[in-house]
Amino acid sequence: MRCFAADRDFEVNNDGRVMACHDCRPSSVKATNFEDYEKMKGEVKKTIPKNCTCFYDCYYNTMTFKEKPLTYLKDVIKYRS
């Protein structure tokens with residue numbers, strides 16, 4: 001499964017290395033050292049396991065926001081109320 005969340009959502013490990021998500025190992029890229037965003041994305045995506053079947057909130061949130069922005073907004077408002 002392609003990880004759509006990793007297309008634009010990243011996490012930073014305690015030591016500053018960029019991760020695709022909290023379940024992936026940290027990449028070799030330090031958040032303060034990259035200069036080319038596309039190159040950084042490529043390195044980080046290498047850490048996503050090929051057999052990833054993650055269905056965490058980040059995946060759903062990203063896909064809902066991308067495909068149904070109004071539904072996403074309603075969910076955010078409902079959750080925060």
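Hi everyone, this is a short walk through one predicted protein model, from its overall layout to a few side chains.

Some ground rules to begin with. Because this is a predicted model, local features need pLDDT of at least 70 and side-chain atom pairs count only at pLDDT 80 or more, while totals for chains, interfaces and linings use all residues. Residues are numbered from 1 along each chain as its sequence is written, and side-chain values use heavy atoms, with hydrogens and water left out.

Let's start with the layout. The protein chain has 3 helices and 2 strands, and from the N terminus on the order is β-β-α-α-α. Helices here are DSSP runs of H or I with at least four residues, strands are runs of E with at least two, and both are numbered from the N terminus. Of the 81 residues, 28% count as buried. Buried means under 20% relative accessible area, exposed means over 50%, and partly exposed is in between, with a 1.4 Å probe and protein chains only. The chain exposes about 6200 Å², and carbon and sulfur atoms supply 53% of that; these areas come from the Shrake-Rupley method with a 1.4 Å probe, and for residues only the protein chains shown count as cover.

Is Ser-27 buried or exposed? Ser-27 is buried, at 2% relative accessibility, and sits in the loop between β2 (18-19) and α1 (37-45). A polar atom of its side chain lies 2.7 Å from the backbone oxygen of Val-18, and one lies 3.2 Å from the backbone nitrogen of Val-29. Those are polar contacts: N or O atoms within 3.5 Å, where within protein one must be able to donate a hydrogen and the other to accept it, and residues adjacent in sequence count only if both atoms are side-chain atoms. Leaving aside neighbours within four places in sequence, Ser-27 is in contact (heavy atoms within 4.5 Å) with Arg-17, Val-18, Glu-43, Val-44 and Thr-47.

That brings us to Thr-47, in the loop between α1 and α2 (57-67). Thr-47 is buried too, with a relative accessible area of 7%, and its side chain reaches the backbone oxygen of Val-44 at 2.6 Å. Beyond four places in sequence, its contacts include Cys-24, Pro-26 and Ser-27.

On to charges. Side chains of opposite charge can pair when their charged atoms come close. How many salt bridges does the structure hold? There are 3, each being a side-chain nitrogen of Lys or Arg within 4 Å of a carboxyl oxygen of Asp or Glu. Arg-17 pairs with Asp-15, with the closest N and O atoms 2.9 Å apart. Lys-46 pairs with Glu-43, again at 2.9 Å; Lys-46 is exposed at 57%, whereas Glu-43 is partly exposed at 27%. Glu-38 pairs with Lys-41 at 3.8 Å. Because they are 3 residues apart in helix α1, Glu-38 and Lys-41 are separated by about one helical turn. Glu-38 is exposed at 53%, but Lys-41 is buried at 17%.

Finally, the surface. Leu-70, Leu-73 and Ile-77 make a nonpolar patch of about 320 Å². Patches take residues with over 30% relative accessible area and no salt bridge, joining like charges within 9 Å and nonpolar side chains (Val, Leu, Ile, Met, Phe, Trp, Tyr) within 5 Å. Leu-70 lies in helix α3 (residues 69-80) and is exposed, at 63%.
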